[in-house]
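Work through the exercises below with the sequence and the 3D view side by side. Try each task before you read its solution.

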Amino acid sequence: MATINLLILLCCAAVFVSAQNADVAKAGERIWGGVEADRGQFKWQVAIGSKTEDGFYSPLFSGALISKQWVLTDGRAISPDYEYDVILGATLLYDDQDGKIITKFQKIVRSSEYSIALGKLVAPVQFTDYLGPIRLPKSTDFLAAGTPVWTSGWGWTSYKEEHINELMCVDLITDSCNNGNLPEYFVCTDGSEEKCPYYGGDEGTALVQYINGAWTHMATLSFLRSIGCTEPAMFTRTTYLLDFIYSHTGPISNYN
């Protein structure tokens with residue numbers, strides 16, 4: 001079995017390397033039932049949560065670092081009425097790692113139109129090999145159905161609802177959401193192959209696409225409609241959020 005799993009992982013890696021470059025080689029893994037992401041592979045990944053008496057984060061959400069001081073996440077993940085631990089620069093949620101930061105938000109703003117929120121960190125962070133922003137899209141960047149994308153998080157990897165320590169990642173394909181009544185600012189990912197983001201820590205995470213040589217934040221995980229991966233996951237498109245984002249953050253330039 002170990003040999004078979006190794007061959008599958010090697011095949012996934014080969015496909016992504018040939019399609020883009022070595023940085024995406026390990027993106028072909030699952031959050032649901034998957035394996036660990038490499039350190040520094042998803043430098044923008046943020047965990048947001050409050051620790052319980054047993055030492056675990058519950059509830060736990062994900063977010064994306066979009067500048068030195070701002071995090072983009074789902075609107076249900078954070079509220080101005082509560083205080084949260086904000087974990088950056090890490091792949092291990094509960095273990096120590098060099099360069100791992102645990103900080104707080106000084107300000108939280110939520111959109112009145114979309115299920116989206118911004119958290120402003122108490123102080124700007126310094127970018128490192130393990131910590132950096134995800135580029136925001138241009139207003140003209142359109143995420144069409146059938147596009148290869150990636151996401152990451154600390155959500156449950158099975159029905160057992162166990163707390164996850166290792167950051168997981170998954171390659172997905174965008175979907176039409178199978179419902180013509182949904183607003184056009186939603187994009188979905190196909191959940192028919194038993195690989196998907198899930199509850200327990202993935203909500204609020206970024207859906208990213210490799211555009212012109214850089215990872216780009218294309219959507220935020222907003223809603224999950226099923227137990228397991230039997231239905232598409234629903235993401236809010238980032239292009240619809242740019243006015244809201246920039247009205248609070250001011251100009252952001254990650255086009256290096």
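**Exercise 1.** Is arginine 76 buried, partly exposed or exposed?

*Ground rules.* This is a predicted model, where local features need pLDDT of at least 70, side-chain atom pairs count only at pLDDT 80 or more, and totals for chains, interfaces and linings use all residues. Residues are numbered from 1 along each chain as its sequence is written, and side-chain values use heavy atoms, with hydrogens and water left out.

*Solution.* 
- Step 1. Take the cut-offs: buried is under 20% relative accessible area, exposed is over 50%, and partly exposed is in between (1.4 Å probe, protein chains only).
- Step 2. Arginine 76 has a relative accessible area of 43%, so it is partly exposed.
- Step 3. Look at its partner. Arginine 76 and aspartate 74 form a salt bridge through their side chains, N to O at 2.8 Å. A salt bridge needs a side-chain nitrogen of Lys or Arg within 4 Å of a carboxyl oxygen of Asp or Glu.

**Exercise 2.** Which residues do salt bridges that share partners join into one network?

*Solution.* 
- Step 1. Start with the count: the whole structure holds 3 salt bridges.
- Step 2. Lysine 104 pairs with glutamate 83, and their closest N and O atoms are 3.5 Å apart. Lysine 104 sits in the loop between strand E5 (101-103) and strand E6 (105-110), and glutamate 83 in the loop between strand E3 (70-74) and strand E4 (85-88), so this pair ties together parts 21 residues apart in sequence. Helices (H or I, at least four residues) and strands (E, at least two) are DSSP runs, numbered from the N terminus.
- Step 3. Glutamate 83 is exposed at 61%. Lysine 104 is partly exposed at 28%.
- Step 4. Lysine 104 also forms a salt bridge with aspartate 85, at 2.6 Å from N to O. Aspartate 85 is in strand E4, so here the parts tied together are 19 residues apart in sequence. Aspartate 85 is buried, with 16% relative accessibility.
- Step 5. The network therefore joins Glu83, Asp85 and Lys104.

**Exercise 3.** Which members of the largest nonpolar core touch the most other members?

*Solution.* 
- Step 1. A nonpolar core is a set of buried Ala, Val, Leu, Ile, Met, Phe, Trp, Tyr and Cys residues joined through side-chain atoms within 4.5 Å.
- Step 2. The largest core has 32 residues, and Trp44, Ile66, Leu118 and Ile245 touch the most other members.
- Step 3. Strand E2 (57-65), E3, E7, strand E11 (206-211) and helix H2 (242-249) each give two or more residues to this core.
- Step 4. A second, separate core has 16 residues, including Ile48 and Tyr84.

**Exercise 4.** Which peptide bond is cis, with omega near 0°?

*Solution.* 
- Step 1. Recall the background: most peptide bonds are trans.
- Step 2. The bond from serine 58 to proline 59 is cis.
- Step 3. Proline 59 belongs to strand E2.
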